[in-house]
Amino acid sequence: MTEKAAIHDFVQDLLLRNEDRAPLVNDGSLLVSGRLQSIDTVEIVIFLEENFNIDFSQIGFDRDQLDSVDAIYALIQSAAAAR
Amino acid sequence: MSCEDSFRSAQPAEKALSRHPGVRQALILPDGAGAWRALVVPGDAWIDEAMDRERADEAVLRRWQKTYDLTQSPAAAATAPVGFNTISWDSSYTRQPIPAEAMREWVETTVASIFELTPRSVCEIGCGTGMLLMRIAPQCDRYVAADFSSGVLRRVREQLATVDSLAGRVELFERRADQLEDLAENSFDTVVLNSVAQYFPGRAYLLRVLENAARVVSPGGHIFIGDVRSLPLLSGFAASVELFQAEGSMSLADLRDRIHNRVRRTPELVLSPAFFLALPRHIPKISRVEIRLRGGRADNEMTRFRYNVILHVGPETEQALDLPFEECPAVDVALASIQARFSEGREPFALRGIPNVRVEQDLEALATLDSSDQLATADDLRRELSGRPARGLHPQDLLDLESAVPGSQVLLSWAGSRADGSYDAVFLPDRRAAAGGVNMPLPELPDLLHVANAPGQAAARAKLVEDLSAYAREHFAAGSQLSRIELVDALPAVASERDGLAAFLTRPCL
């Protein structure tokens, strides 16, 4: 499974947990649109820290970087490049 | 069949239902349509096991802790003004930061409420970024502050380092709210929990924290619980936010779904004043409970849908004042007539059921959604509501009356816990008349059934209802006629309450 597919699946699970069954497109807004709540971002952060070795205490936290599957993937890429 | 007959025929079924391990108490009542409904207080042990409570509670606390650690990592946090780091205070409506002016008023009104308790030795549980600490600690001999987020405590330490006068007077602990058992008994005159109870995983956790808080407060002291999210107004809050955010063309059916989902998915602990009013029965050291509306002119979710609680610790030395509560005068003349009576009279007086302008439109939106078949879209609803005149009184208008009468006091109470947001008020031309407090109107019976939501328990509670339905069908004849099983937090304790509840629930009685 590609990194982007793994992110997509995780976000999809998060939405399903909230009983949100609308389609998930990779560039669709998650937070600004209200599909996910701020507490859900923490789930994403924990997922990224545990699976992609990202340390938010080092790189800082910007909610906009988690607003879509594409944005999350871009964050992973830039964190990997910086290492 | 009379109500009395209905009870007699329901009793065997009630006993059978009470034998299910997931049931602590059960009450079966006619549902008014020829069948029965069951009110069930779930057994904590069953729910705990079904949801794996310990792990679930840990997960909730860990998520909130992480949230606060994260929000304090941006560079902005490090440069926030001393005593006014409002990062993460975002509006549920706009998802943008709450305006600084509104946050400033929120801080100042909260601090003023705490100063009324004349604190000298304070323990603040969940100090956050120190907005209260930086204002209250300078007036105290000792200030102990705890928070579970290392991120926010780092910011508080940075701020404290800039204020020499606070050196040695403030102690900081990185602890969770339930990890303060080592604080000595009777060692503080005030415990503050401001805007933190909503992050607790459930009411059992909150109760544990309050038991310990009462232990560490010396007799004559207080526990201040600020910014509590109101359960009676939770649906009104959800309606308010969802209508604000809805596209104009959204159908009212979709809007109803969104409101329902917002209520159901609320990740925070939301409490009825009734929870706090029951505390003296659980924690004998608490003698009196006040449920106060928040002051302020800012129009936001804190002033509309949250309240403050003051728990008085230790035996009361003065008797509480008993006043007859009168109906509020017609709203168009109410403020002027209250003002005249307050400034000219010498006698205290009390009014009940004052319509609340802060929330009336939100609650009208909810009621209209439930009742109207003439409107189709969110914009239709907005137009309908905008044409209605305001009928309520602004709580701050009443609080402002104090300034015209030196030595006076105006108390605004939400102890009534009514879902229409109305409040009760006591006007004391001489505040010394109520040194032992005032007996405020209490919740009526139906409002006592639900005292807290159950974040994180939805799946376990749904499973219990499913199990009980099957169990009822198997174990008693009336089970096949159970139209509904409702999980509640409490049942009426005495027969007369039970009669009253039955009359309320089953009108007209079968």
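Axes here are lines fitted to C-alpha atoms, for helices over the stretch in contact, and angles run from 0 to 180 degrees between N-to-C directions. This is a predicted model: local features need pLDDT of at least 70, side-chain atom pairs count only at pLDDT 80 or more, and totals for chains, interfaces and linings use all residues. Residues are numbered from 1 along each chain as its sequence is written, while chains are lettered from A and ligands numbered from 1 in the order in which they are written.

**View 1. Helix H2 of chain A packs on helix H3 of chain B.**
Two packed helices are described by the angle between their axes and the distance between the axes. Here H2(A), residues 38–52, and H3(B), residues 53–71, meet at about 90 degrees, with axes 9 Å apart. The two are therefore roughly perpendicular (65 to 115 degrees; under 35 is roughly parallel, over 145 roughly antiparallel, the rest oblique). Helices (H or I, at least four residues) and strands (E, at least two) are DSSP runs, numbered from the N terminus. H2(A) brings Ser38(A), Ile39(A), Val42(A), Val45(A) and Ile46(A) to the contact. H3(B) brings Arg63(B), Lys66(B), Thr67(B) and Leu70(B). Contact means C-beta atoms, placed from the backbone, within 7 Å. By class, this contact has five nonpolar, two polar and two charged residues. Ala, Val, Leu, Ile, Met, Phe, Trp, Tyr, Cys and Pro count as nonpolar, Asp, Glu, Lys and Arg as charged, and the others, Gly among them, as polar.

**View 2. Chain A touches chain B.**
In this interface, 15 residues of chain A are in contact with 12 residues of chain B. H2 and helix H3 (56–59) of chain A each supply at least two residues of the chain A side. H2(A) gives the most, with five residues. The chain A side has seven nonpolar, six polar and two charged residues.

**View 3. Chain A has four helices and zero strands.**
From the N terminus on, its elements run α-α-α-α. The radius of gyration of chain A is 12 Å, close to the 12 Å that the globule rule gives for 83 residues, so chain A is as compact as a globular protein of that length. That radius is taken over C-alpha atoms, and the rule is 2.2 Å times the number of residues to the power 0.38. The C-alpha atoms fill a box of roughly 35 × 25 × 20 Å along the principal axes. Of the 83 residues, 19% count as buried (20 or more other C-beta atoms within 10 Å of the residue's own; exposed is 12 or fewer, partly exposed in between; C-beta atoms are placed from the backbone).

**View 4. The largest nonpolar core has 101 residues.**
Such a core is a set of buried Ala, Val, Leu, Ile, Met, Phe, Trp, Tyr and Cys residues joined through C-beta atoms within 7 Å. Leu133(B), Val191(B) and Leu271(B) are among those with the most contacts inside it. Helix H8 (residues 203–216) of chain B gives the largest share, seven residues. Not counting residues up to four places away in sequence, Leu271(B) touches Ala197(B), Val228(B), Arg229(B), Leu231(B), Val451(B) and Ala452(B). Another core, of 23 residues, lies apart from the largest one and includes Ala38(B) and Leu487(B).

**View 5. Ser88(B) and Asp227(B) each have a positive phi.**
Most residues other than glycine have a negative phi. Ser88(B) has a phi of about 85 degrees. Its place is the loop between helix H4 (75–78) and helix H5 (100–115) of chain B. With 16 C-beta neighbours inside 10 Å, Ser88(B) counts as partly exposed. Phi of Asp227(B) is near 65 degrees. Asp227(B) is in strand E7 (residues 217–229) of chain B. Its 19 C-beta neighbours inside 10 Å make Asp227(B) partly exposed.

How values were computed
Two residues are in contact if their C-beta atoms, placed from the backbone, lie within 7 Å.
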